Amino acid sequence: MTSPGPTDSDAATTVTVHRSPRYFSFMIVGAALGAILALVFTVTFPENEDFDRSQVFGFLLLAGVALGVALGSLVALILDRLFRRTTAQAVSDRLSTTENTEKTE
């Protein structure tokens, strides 16, 4: 059995590569930090007459998570813009797969 020779689709091409942050990870970290800050603010400030601590924590948790996700996304976008300046050229080879069309008996 002989393997097929290189074709035009197997040719090497030059591509541009740059590092990019994982946005979802930054959003999760921002949400976690917002939740921790909501807990800290709930415990450190004096109790309110109109709302008990669980209600205050719920309000602060909602706002803290939303702001944390927004700030985490903003940090990821800024880092992406900074990393975009440091691009590199790389050579990419396309790998092809061959199917075995012979019948085995």
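This is a predicted model: local features need pLDDT of at least 70, side-chain atom pairs count only at pLDDT 80 or more; totals for chains, interfaces and linings use all residues.
Local features were considered at pLDDT of at least 70 and side-chain atom pairs at pLDDT 80 or more, whereas totals for chains, interfaces and linings use all residues. Residues are numbered from 1 along each chain as its sequence is written, and side-chain values rest on heavy atoms, without hydrogens and water.

V29, L33, I36, L37, V40, F41, F45 and L60 together form a nonpolar surface patch of about 720 Å². Such patches comprise residues with over 30% relative accessible area and no salt bridge, nonpolar side chains (Val, Leu, Ile, Met, Phe, Trp, Tyr) being joined within 5 Å and like charges within 9 Å; accessible areas follow the Shrake-Rupley method with a 1.4 Å probe, and for residues only the protein chains shown count as cover. The greatest contribution, six residues, comes from helix 1 (residues 23–44), helices being DSSP runs of H or I with at least four residues, numbered from the N terminus. F45 is located in the loop between helix 1 and helix 2 (53–84), while L60 belongs to helix 2. With a relative accessibility of 30%, L60 is classed as partly exposed (buried, under 20%; exposed, over 50%; partly exposed, in between).

L60 also contacts A38, F41 and T42, residues up to four places away in sequence being excluded (contact, heavy atoms within 4.5 Å). The C-alpha atoms of L60 and T42 are 7.7 Å apart, although 18 residues separate the two in sequence. T42 lies in helix 1 and is buried, at 7% relative accessibility. Beyond its neighbours within four places in sequence, T42 touches R53, V56, F57 and L60.

One salt bridge was found in the whole structure, the criterion being a side-chain nitrogen of Lys or Arg within 4 Å of a carboxyl oxygen of Asp or Glu. R53 and E47 form this bridge, with 3.9 Å between the closest N and O atoms. R53 is partly exposed at 34% relative accessibility, and E47 is exposed at 53%.

Two aromatic pairs are present. The rings of F41 and F45 are tilted, because their planes meet at 45°, with centres 5.9 Å apart. The rings of F51 and F59 are edge-to-face, with planes at 90° and centres 5.7 Å apart. Pairing requires ring centres of Phe, Tyr or Trp (its six-membered ring) within 6.5 Å; planes under 30 degrees apart are stacked, those over 60 edge-to-face and the rest tilted. F51 is partly exposed at 36% relative accessibility, and F59 is exposed at 52%.

Note on methods. Helices (H or I, at least four residues) and strands (E, at least two) are DSSP runs, numbered from the N terminus. Buried means under 20% relative accessible area, exposed over 50%, partly exposed in between (1.4 Å probe, protein chains only).
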